[in-house]
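Visitor: I have a chain open here and would like to go through it with you piece by piece. Could you take my questions as they come?
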Amino acid sequence: MAQHRMDTFLSSSDDSGQNSPQASSSPPFWAIAVTATVVVIALRIHLFLYGQRDNKSAEKADLPKPSEIVSLRIYPIKSCRGIEIKSCKVLKTGLELDRNWMFVDADSKEFLTIRSDPSMTLIDTTLSSDGNKDSQDWTTLTIAVHGTDARISIPCHPSGEWLTQNCTLQDVSIWGDQTDGWKYSDEINNIFTQFFNKDVWLIYKGPTPRLANGNADESLYGKKEAHFFADVMSLQVASQASMDDLNRRLKGKGQDGDLTVERFRPNIIIKGNEPWEEDRWKRVQIVTAENENANSDEEKKSGTPLDVLARCARCQVPNVNPDTAAKHKHEPWDTLMKFRRVDTGGVAKYKPCFGMLCMPVQEGWVSVGSELQVLETTEKHLYNTARFAEL
């Protein structure tokens, strides 16, 4: 039928009403032009789609390979000794029970930090549930002064009723910002007053949300997110490959090259592929066996996503030996300053960077042995400066 219509068309009259001698042998010019245009458009569509697919493949190939999570750490009391755990919940506020407590000076109501008092690393914390320290269902936090018999135990998840009966709500200050916290009784605080040699209070975060700041401030992140007593945002991810590279550099200078990543106080430690490849992360996700308990196949597949907002600009806390509280005068700070001043945003111009600061996008689980997958990278991180939407 199509061929019949074409033959009829080719034998039709021209504008003069007479049969065209050329019409029977070739189509008119406009038909050739239409056909050529269709071919060109089809070719361009093909090349565009192929190019898009090729670009996506290149982008995917440029992403760091997934890496195993080799360690998890939480620090129930800010600036005190942390705990290595096997698994826990990832909450919007960070890992479960991380930095839920802190010490404050009873007179100034200002928080106390390892930056000015390295001895805080000698305050040990342990978690237990009915005597089983490995349980995920923790019920009790025990706080002890290292090398002494001084210790107290308090509920991990105190109810509002328990707090009202045993504590007093107070206004306290952390990094110049006011927030509220539950002050424990003198009976509990006495052993710590003796340790610090001044009146101090143990504080549990109060009901008023404390907003994340720095790159997680609403002006840069685009939304308000609350957390507990971490410095600026909910959690920190670090790479053992980067830690190993730092130790190699220290050994090359004749320094102690057996430092542990605990000095940097991260929450999630991955094995890592290449040192410092984490500098480029923008979005990552945790895929763990606990995702099998998700409500849908899509949730199982997607894992627990984290937005990576900034590199972590470091102070000299990593110079403190967490086992002894002794602070080295130079290392690893001096070595880091020579090759890890990699961010020109804010105070990071003058500080080295180690680890990445993150905000959980949704809640989930993380376990040692889980996989951390990089979903997106960027070259635009700027500490306390870059808007997340523009990375």
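Predicted model: local features only at pLDDT ≥ 70, side-chain atom pairs only at ≥ 80, totals over all residues.

Visitor: What else does E16 pair with, and in which sense?
Guide: E16 is also joined to E17, by 4 bridges, and these two strands run antiparallel. Within that pairing, Gln285 has Pro305 of E17 as its bridge partner.

Visitor: And why is E16 described as largely enclosed?
Guide: Because 5 of its 7 residues are buried, E16 is largely enclosed by the rest of the structure.

Visitor: Moving past E17, where does Pro332 sit?
Guide: Pro332 is found in the loop between E17 and helix H8, the latter covering residues 333–339.

Visitor: Is Pro332 buried or exposed?
Guide: Pro332 is buried, its relative accessible area being 0%.

Visitor: What is Pro332 in contact with, leaving aside its neighbours within four places in sequence?
Guide: With those neighbours set aside, Pro332 is in contact with Leu246, Leu250, Leu259, Phe264, Pro318 and Asn319. For Asn319, which is 13 residues away along the chain, the C-alpha atom is separated from that of Pro332 by 5.9 Å.

Visitor: Let's change topic to the helices. Which residues of H4 are buried?
Guide: In H4, which runs over residues 186–196, the buried residues are Ile188, Asn189, Ile191, Phe192, Thr193 and Phe196.

Visitor: What covers those buried residues of H4?
Guide: The cover includes strands E5 (101–105), E6 (123–128), E7 (140–145), E8 (151–155), E10 (177–183) and E11 (200–205).

Visitor: And what follows H4?
Guide: H4 is followed by Asn197, and the phi of Asn197 is positive, near 60 degrees.

Visitor: Now to the open sheet with E3 in it: in what order do its strands come?
Guide: That sheet has 3 strands in the order E4-E3-E19, with antiparallel pairing. Its edge strands are E4 and E19, each of which pairs on one side only.

Visitor: How does E3 connect to E4?
Guide: E3 is joined to E4 by a hairpin through 2 residues. The two strands, E3 and E4 (residues 94–95), pair in the antiparallel sense over 2 bridges, and in that pairing Leu91 has Gly94 of E4 as its bridge partner.

Visitor: And what about the pairing of E3 with E19?
Guide: Here 4 bridges join E3, residues 87–91, to E19, residues 364–367, and the two strands run antiparallel. Cys88 has Val366 as its bridge partner in E19, while Val90 stands opposite Gly364 of that strand.

Visitor: How many cavities of 30 Å³ or more turn up?
Guide: A search of the whole structure finds 1 cavity of 30 Å³ or more, and the volume of the largest cavity is about 60 Å³. The residues lining the largest cavity are Arg81, Ile114, Thr121, Glu262, Arg263, Arg265, Val317, Val320 and Pro322, which divide into 4 nonpolar, 1 polar and 4 charged.

Visitor: Last one: what does the chain contain overall?
Guide: The chain has 8 helices and 20 strands, and of its 391 residues 47% count as buried. Among contacts in the chain with a separation of 6 or more, 67% are accounted for by residues 24 or more positions apart. The chain exposes about 20100 Å², of which carbon and sulfur atoms supply 50%.

Definitions and conventions: Residues numbered from 1 in each chain as written. Heavy atoms only, no water. Pairing = 2+ DSSP bridges. 1 Å grid on protein atoms, 1.4 Å probe; cavity = no way out; pocket = protein on both sides within 12 Å on 5 of 7 lines; lining within 4 Å. Points joined across faces, edges and corners; volume = space filled by probe spheres on them. Nonpolar A, V, L, I, M, F, W, Y, C, P; charged D, E, K, R; others polar. Buried < 20%, exposed > 50% of the residue type's maximum accessible area, 1.4 Å probe, protein only. Contact = heavy atoms within 4.5 Å. Areas by Shrake-Rupley, 256 points an atom, 1.4 Å probe, with all protein chains shown as cover.
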